[in-house]
Amino acid sequence: MSFLRLDNVFKTFGEVVAVDHVSLEAERGEFVVFVGPSGCGKSTLLRMIAGLEEVSGGRIEIDGRDMTDVAPAERQVSMVFQSYALFPHMTVRDNIGFGLKMSRMPRSEIEPRVLEAARILQIEELLDRKPRQLSGGQRQRVAIGRAIIRKPKLFLFDEPLSNLDADLRTQMRVEIARLHEKLGVTMVYVTHDQTEAMTLADRIVVMRAGRVEQIGSPVDLYEAPANSFVAGFIGSPKMNFVPVTVTAAEDRSLTLDHPALPSGHVTLATRRPHAIKTGEMITLGIRPEHLTLDGPRAVSLNVAAELVENLGGTSQIYVRTERGESLAIVAPGRQHIAKGERLSVGVEPAHAYLFDREGRAI
């Protein structure tokens, strides 16, 4: 039986649908990430699991128990927010232990739990400091320690790293991954950063406009996106999309036309049966890291260089087709390409994706 189960859960604010009939399950000890653009409903869904947002309909189960209408304090859930929400006049020790103090647990029992949480997070030397004496990363560790000390069945994280700089975000991602491995507790994590989702998650829930677009492992979503939205959201830089015209359609293949193709057309196998007809306009998707500047490739495009960003070990090259579509390429090493230089770039068929007019993968 699944540890966390959402059954047809939805949330409305007046006539606005924030979460639209979401159903999903998480196993005990699993790390699940909700990802999507701002306003997609991921934080609202997390708050519904925590009990901080009333459910308009559906059912929420935690560890086999219906928690839909149970008060937050009785759900055995701990939540870490985007803001650290530390009491500035209290020491780290008192901030971590505050929740247990308010539940009237004896001080003699609180202190060992505080020390254990501090040891796990490697902040023992900070226990007598005030929040103003801590860095952003240290404050976030304290906020996590306050969640750990309650020994919850379920951890909920609401964009906990968004206030940190790039280096600290990377460091804290590693710390959260270690914490999950050490505690073995189910964690649900909300972010708009697909890099966090790809590096932390056992499974990712991609959301848009309150709906779930796809659920799967990071590899599944990267290699087999269900639609163009997921394909464009997962992966950095995002997938390139090129509109193409179908000139011939077979059961498991399509012949595509585009002015940038050297021969004018190319035939690609589809990943599943389709109902595409000759003359339809569909979308060809190619990830920047799969476009190559040299070497054998079955699909080629003639383009003009616009900008080269040399990043040391790799270069990001921005090019444009004759019809005006802008594409990104990730190439190894430092590439010396002049603006306006004509290039032939290519991709192997296994790395080419096709999407119909509604954006569904075919």
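Which residue forms a salt bridge with Asp128? The partner is Arg93, and the closest N and O atoms of the two are 3.1 Å apart. A salt bridge here is a side-chain nitrogen of Lys or Arg within 4 Å of a carboxyl oxygen of Asp or Glu. Asp128 lies in the loop between helix 3 and helix 4, whereas Arg93 belongs to helix 2 (residues 92-102), so the pair ties together parts that are 35 residues apart in sequence. Helices (H or I, at least four residues) and strands (E, at least two) are DSSP runs, numbered from the N terminus.

The structure is a predicted model, in which local features need pLDDT of at least 70 and side-chain atom pairs count only at pLDDT 80 or more, while totals for chains, interfaces and linings use all residues. Residues are numbered from 1 along each chain as its sequence is written, and side-chain values use heavy atoms, with hydrogens and water left out.

Buried means under 20% relative accessible area, exposed over 50%, and partly exposed in between (1.4 Å probe, protein chains only). Asp128 counts as exposed because its relative accessibility is 59%, whereas Arg93, at 17%, counts as buried.

A search of the whole structure finds 21 salt bridges. Among them, Glu358 pairs with Arg360, with 3.0 Å between the closest N and O atoms. Glu358 is exposed, at 57% relative accessible area, and Arg360 is partly exposed, at 47%. Arg208 and Glu213 also meet through their side chains, at 3.3 Å from N to O; Arg208 is partly exposed, with a relative accessible area of 36%. A network of salt bridges links Arg5, Glu25, Arg59, Glu61 and Asp66.

Next comes helix 5. The 18 residues of this helix (residues 166-183) should span 26 Å at 1.5 Å a residue, and the end C-alpha atoms are 26 Å apart, which agrees. The expected span is 1.5 Å times one less than the number of residues. Within helix 5, the buried residues are Met172, Arg173, Glu175, Ile176, Leu179 and His180. Their cover includes strand 3 (31-35), helix 3 (107-121), helix 4 (136-148), strand 8 (186-191) and helix 6 (194-200), where contact means heavy atoms within 4.5 Å. After helix 5 comes Gly184, with a positive phi near 65°.

The sheets complete the picture. Two strands pair if DSSP finds at least two bridges between them. An open sheet of five strands, with antiparallel pairing, has the order 13-12-11-14-19. Strand 13 and strand 19 (352-355) stand at its edges with a single partner strand each, so one side of each is left without a neighbour in the sheet. Strand 12 (residues 253-257) and strand 13 run antiparallel and are joined by five bridges. Across this pair, Thr255 stands opposite Thr267, and Asp257 has His265 as its bridge partner. Strand 13 (residues 265-269) has a covered face, made of Val266 and Leu268, and an uncovered one with His265, Thr267 and Ala269.

Another open sheet has four strands in the order 17-16-15-18, again with antiparallel pairing. Its edge strands are strand 17 (326-332) and strand 18 (342-347), each of which pairs on one side only. Seven bridges connect strand 15 (residues 299-310) with strand 16 (residues 314-321) in the antiparallel sense, and Val303 stands opposite Thr321 in strand 16.
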